Structure formats: C-alpha cells, structure tokens
Amino acid sequence: MEFNVRRLAADAGTFLSRAVQFTEEKFGQAEKTELDAHLDTLLSWAESTKHWTEKIMKQTEVLLQPNPNVRVEEFLYEMLDKKVPMRANNHELLGECMIDSGHEFGPGTAYGSALIKCGETEKLLGSAEKELIQSSAINFLTPFRNFIEGDFKTILKERKLLQNKRLDLDAAKNRLKKARVADARSAELNSSPPLGEEYVAHFSYMLSFLHVRWLKAETELRIAQSEFDRQAEITRLLLEGISSTHAHHLRCLNDFVDAQAIYYAQCYQYMVSLQKQLGSFPSTFSNNNQQAGSSSASISVPTAQPAASLPAPPPSQASPALNELRSTSGTRKARVLYDYDAASSSELSLLADEVITVSSVPGMDTDWLMGQRGNQKGKVPFTYLELLN
C-alpha cells in the first residue's frame, strides 16, 4: 500500500510538472525543445498517410455499396462480431423481376423470352459484383483498415510518449536553470556574509541545500535527455516504416485494379453474349440503337452456320417471286422466319417475326440477299426469309 501511494504521488507530481510546462509554453513563458527536421517531416508524412488512407477507404466503401443504410447495417454487424446476412443486390433483384415477368408473358413469345434472357444476365452481373466486393474487401480495404487501427495507433501512442518525454526534458531544463540562478545569488551573498555565528551557519546550510538541488537538477536533466533521445529514436524507426506501408498499399492497389478489371471484363462478356442472344431490335426501334449497332459490329462473334446447314425454305416460298426480285433489281418486304446472328460487319442480324426490306445485288451469292432495317444494312440469308406480296 505504501508503494502504491508513493507511486501515485510521483505520477501526480510528474503530471503536474508536465501541465505547468505545457501551460508556460503556450503563454510563451518557457522554452520548448524542437524536434529535428527529419523527425518532424516523418510525423507530417504519417499524418498525411493516415488522412488519405481514411478518405480512400471511405470512398471505396461508397463505390462498392452506394446505399448508406446498408453500410451502417454492415458496420453494426461488424461491431457486434456477427456475420452479415446474405441479401440480393440490385442486379439480382432486377434479374428476378425480369424472369418472373418473362414467365408471365410466356417463354414462347419473343418479349417473354427476351425478358428471361435479360434476367439471367442481370443475375450473372449481380454475382460478379458480389465477387468484386468480396475481393476488394479482403485484398484492399482490410489492409488499409489494419494500418489505421493497428500501425497508426502504435505511432500515435509512441508520439504521445515522445511529447511527454519532451515536456519532462524541458521541465528539467527549467529546474536546472532556476537552480543555477539561485546558486549564483547564494554565491554573491556568501562573498560578504553578515556578522554573527548564527548567520554564518544559516548561510552555510543554504549553500549546501542549493548545491544539492543544483546537482539533483543536473542529474534529472541527464536522465530526461536520455529518455527523450531513446523515445525519439523509437518514434523515428516507426515513422520510417511508413515507406513499407506505402509499398504494401501499392500491392493492395494493384489487387484492387485487377479485381475491377476482372469484374468489368466479365460484365462485358455477359452483355455481348446477351446481345448475341437477343439479336437486333425491330425496325421501329432501330433509330434509338444505331450507335450501339455500329459499335457492336466490330465485336468478334462465333462464325455463323454455313449455307448448307441453313434451314430449308418453306414450301410456301414462291421461287418466281425471288426470280422477279433478282431480275428487276427492285426491293421487297420480307418476314424473318428465324433469329440470325451476324457473323461479320457485312451481315445483318435478324429477329424472328420482324419485317425488313430486301433487294438483290448483282454478283452476290444466290443464298443471300441485301437486307435493310432503317439505317442498318447488310447481307441476310435467303432461307431465313419469307418474301411478302
């Protein structure tokens, strides 16, 4: 108990000494030991790293989860150390809605079939988005958070200790300065001591007391200087580790970019595949999709079926009508019998039941005609068409 009381009294004295020193520095009544330029630069570098790491983390979380309510919910689950429940994201919800509506309209109809295909693709996009979020959380956000909650907290702790040691050092310097002033004044008085034995004894005692006080102040200063230098070295070594932190964060950034590249490549593949499945829009919608049609023309797609394997013309198809079309070089309306995916930019994709304009071009293969839908134009297989009167 006696040890605890003494320790408490010593701690209280140290705290009071630091408080007095800090207050005097603020009012300009005491000198302050400045850190060396290199250490001060490292401290600023660490603060800047912490600031921007937090901002990057926050914006990344907003990017991966734009809904603030969901972010708060996930944070609460994390604080309670509980697993976040699985929920469908926006792509998956849209996909389910499209699939249900497609079944309602009928999978056998063009619109119903297209809705089901779009819904399945949206669910694939949702799954890819979940993989991106999981990969980014593990390889990017977690290392950044570990720095803020681990390494930087250690730096803050050591920096606070350095600040305390600096206050102790300046307080020791101040005490030594006061002891020297008092000792000098005593020396002046001792040079012409007053008469009387009592005064001589009193001055001798005061000189001895001031000398002991001066020696004690010098010892405290040496100890305080040693502790300050040691703490400054520890803090410097920790701060120099920021360079390693930057290197580690660079690797994490590369992982995040790789995850995004994989995600967007998957999304691109899914959408290109969906475009192939849907084919082109009917002529009534072609004006709204000219740009998309021109850009998708450069996309490489699987080779179309050879002419020998194309469906045979229906029995109702009149060959005189085809001969007349080729002989007059005019145009005719034709109904598309089957979906067809263009194999190159010179061909035109077709959607079953749509009506297009066709014409014959001299020198073209007999199995092909020139088709036109709005401003889109390209070769189409004759066996996929039914000429209309």
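Strand 2 and strand 3 run antiparallel and are joined by 3 bridges, where helices (H or I, at least four residues) and strands (E, at least two) are DSSP runs numbered from the N terminus, and where two strands pair if DSSP finds at least two bridges between them. The structure is a predicted model, in which local features need pLDDT of at least 70 and side-chain atom pairs count only at pLDDT 80 or more, whereas totals for chains, interfaces and linings use all residues. Residues are numbered from 1 along each chain as its sequence is written, and side-chain values use heavy atoms, with hydrogens and water left out.

The loop between strand 1 (331–336) and strand 2 (355–359) contains D353. Most residues other than glycine have a negative phi. D353, although not a glycine, has a positive phi of about 80°, and with a relative accessible area of 54% it is exposed (buried means under 20% relative accessible area, exposed over 50%, and partly exposed in between, with a 1.4 Å probe and protein chains only).

Among the helices, helix 2 (residues 37–64) has 28 residues, which should span 40 Å at 1.5 Å a residue, and its end C-alpha atoms are 40 Å apart, in agreement with that value; the expected span is 1.5 Å times one less than the number of residues. At the start of helix 2, a side-chain oxygen of D36 reaches to within 3.2 Å of the backbone nitrogen of H38. The buried residues of helix 2 include L39, L42, T53, M57 and L64.

T53 is also one of the residues in contact with H249, together with P143, F144 and F147, when neighbours of H249 within four places in sequence are left aside (contact means heavy atoms within 4.5 Å). H249 lies in helix 7 (residues 242–278) and, at 8% relative accessibility, counts as buried. The C-alpha atoms of H249 and P143 are separated by 7.4 Å, although the two residues are 106 residues apart along the chain.

Helix 4 (residues 90–105), with 16 residues, reaches 23 Å from its first C-alpha to its last, close to the 22 Å expected. Its buried residues are E92, G95, I99 and G102. Seen down the axis of helix 4, these buried residues fall within an arc of 85°, so they line one face of the helix, the arc being that of the directions from the helix axis to the C-beta atoms. On the other side of helix 4, N90, D100 and E104 are exposed. Helix 4 is followed by G106, for which phi is positive, near 110°.

Conventions: A polar contact is a pair of N or O atoms within 3.5 Å; within protein, one must be able to donate a hydrogen and the other to accept it, and residues adjacent in sequence count only if both atoms are side-chain atoms.
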